[in-house]
Amino acid sequence: MKGLVIKNTGSWYLVHTDDGRDVECKIKGNFRLKGIRSTNPVAVGDRVSISLNGEGPAYIHEIEDRRNYIIRKASNLSKQSHILAANLDQSVLMVTVNYPETSTVFVDRFLATAEAYRIPVKLAFNKTDLYNEEELDLLEGLVNLYTTIGYPCFKLSARLGEGLDSLRRELEGRITLLSGNSGVGKSTLVNALIPGWNLKTGAISASHNKGTHTTTFSEMYPLPDGGYLIDTPGIKGFGTFDMEVEEIGHYFPEIFKTSARCRYGNCTHRQEPGCAVREAVERHYISQSRYISYLSMLQDKEESKYRMGY
């Protein structure tokens with residue numbers, strides 16, 4: 001029997017079978033021995049084959065070839081990855097300039113990883129109803145930056161339902177991963193887009209201006225106008241996985257384009273003479289924040305450790 005994994009709690013999976021049933025499944029221990037170096041060898045969005053068991057849970061015994069997937073480095077300092085979702089048409093990264101603040105390093109790490117796995121990303125800037133004039137100016141600057149690079153941006157207040165129509169049209173008929181830091185409003189957005197689900201939403205810690213986890217597992221929800229939205233637990237950090245130092249610049253489109261003019265083909269854009277990228281940063285053709293994000297990813301690979309706090 002075949003089906004689609006629509007929920008992953010870490011210990012069991014919910015599979016929506018091709019004949020319309022929702023079946024709770026587990027994986028057998030030897031499943032982890034098939035060369036999948038991941039904390040979660042089965043991910044939401046996977047197409048799987050299952051075998052029913054009359055006296056207990058069903059078992060997943062095969063994953064169909066994935067069209068794509070997106071991963072990050074597991075946060076437990078292991079050399080494993082964590083698969084966020086599989087078989088995606090796109091991802092929406094929710095960003096807040098405050099309440100809590102999403103760092104540009106986090107945004108850029110996510111975008112670079114999505115570039116590496118060829119998954120289009122749209123940025124949804126949430127909580128526009130809460131910002132003061134200075135924060136709105138920062139928001140406009142970020143929208144201008146990422147739109148210029150080539151990432152579509154949306155400004156919205158999920159709480160008030162403002163700005164949702166244009167985003168809703170982008171989701172129709174597509175499988176979309178919804179990601180972002182804790183507290184940026186992912187569950188609020190799901191509730192606004194899918195009336196009746198009533199996902200639990202959380203408050204922001206006043207002392208640290210950080211979100212609290214309200215989604216504790218990944219789950220896929222059918223959208224009213226077709227397509228699916230995959231809600232994932234809020235992530236504090238985004239450690240990049242399985243990238244070589246010389247590849248990282250390829251996943252920053254404006255750096256990759258400019259690097260064609262560097263004197264050396266293997267330029268890392270740090271101290272090398274004749275570096276067109278550093279010159280572009282100095283002339284403000286490439287954003288300083290993007291360049292800092294690029295350097296932080298280089299440092300990650302060279303130090304081979306997961307950098308918390310992004």
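Tutor: Let's start with a word we will need: a residue is buried when its relative accessible area is under 20%, and exposed when that area is over 50%. Keep in mind that we are looking at a predicted model.

Student: What percentage of the 310 residues in the protein do buried residues make up?

Tutor: Buried here means under 20% relative accessible area. Counting residues of that kind in this predicted model, out of 310 residues in the protein, gives a share of 51%.

Student: How many helices and strands are there in the protein?

Tutor: Both kinds of element are present, and they are numbered from the N terminus. The count comes to eight helices and 15 strands.

Student: Which residue in strand 2 is the bridge partner of G3?

Tutor: Strand 1 pairs with strand 2 (residues 13-17) in the antiparallel sense, over five bridges. G3 also stands opposite V48 in strand 4, and strand 4 (residues 47-51) runs antiparallel to strand 1, joined by three bridges. In strand 2, the bridge partner of G3 is T17.

Student: Which residue takes a positive phi in the hairpin of strand 1 and strand 2?

Tutor: This hairpin has four residues between the strands. A positive phi near 100° is found there, and the residue that takes it is G10.

Student: Which residues does L123 touch, not counting residues up to four places away in sequence?

Tutor: A touch is a contact, with heavy atoms within 4.5 Å. Leaving out the residues up to four places away in sequence, L123 touches L93, V95, V107, L111, Y146, P152, C153 and F154.

Student: Now the rings. Why is the pair of F252 and Y294 edge-to-face?

Tutor: A search of the whole structure finds four aromatic pairs. For F252 and Y294, the ring centres are 5.9 Å apart. Planes over 60 degrees apart count as edge-to-face. This pair is edge-to-face because its planes stand at 80°.

Student: How many residues apart in sequence are the parts that this pair ties together?

Tutor: F252 lies in the loop between helix 5 (245-248) and helix 6 (253-259), while Y294 lies in helix 8 (residues 288-303). Both F252 and Y294 are buried. The pair therefore ties together parts whose separation in sequence is 42 residues.

Student: Which residues form one aromatic cluster?

Tutor: Y291 and Y294 form a stacked pair, at 6.4 Å centre to centre with 25° between the planes. They both lie in helix 8, three residues apart, about one turn of the helix. The one cluster is formed by F252, Y291 and Y294.

Student: What is the omega of the peptide bond from Y99 to P100?

Tutor: P100 has its place in the loop between strand 8 (90-95) and helix 1. The peptide bond from Y99 to P100 is cis, with omega near -5°.

Student: Is R118 buried or exposed?

Tutor: R118 is found in the loop between helix 1 and strand 9 (121-125). R118 has a positive phi of about 55° although it is not a glycine. Residues over 50% relative accessible area count as exposed. With a relative accessible area of 73%, R118 is exposed.

Technical notes: Residues are numbered from 1 along each chain as its sequence is written. This is a predicted model: local features need pLDDT of at least 70, side-chain atom pairs count only at pLDDT 80 or more; totals for chains, interfaces and linings use all residues. Side-chain values use heavy atoms; hydrogens and water are left out. Two strands pair if DSSP finds at least two bridges between them. Helices (H or I, at least four residues) and strands (E, at least two) are DSSP runs, numbered from the N terminus. Rings of Phe, Tyr and Trp (its six-membered ring) pair if their centres lie within 6.5 Å; planes under 30 degrees apart count as stacked, over 60 as edge-to-face and the rest as tilted. Buried means under 20% relative accessible area, exposed over 50%, partly exposed in between (1.4 Å probe, protein chains only).
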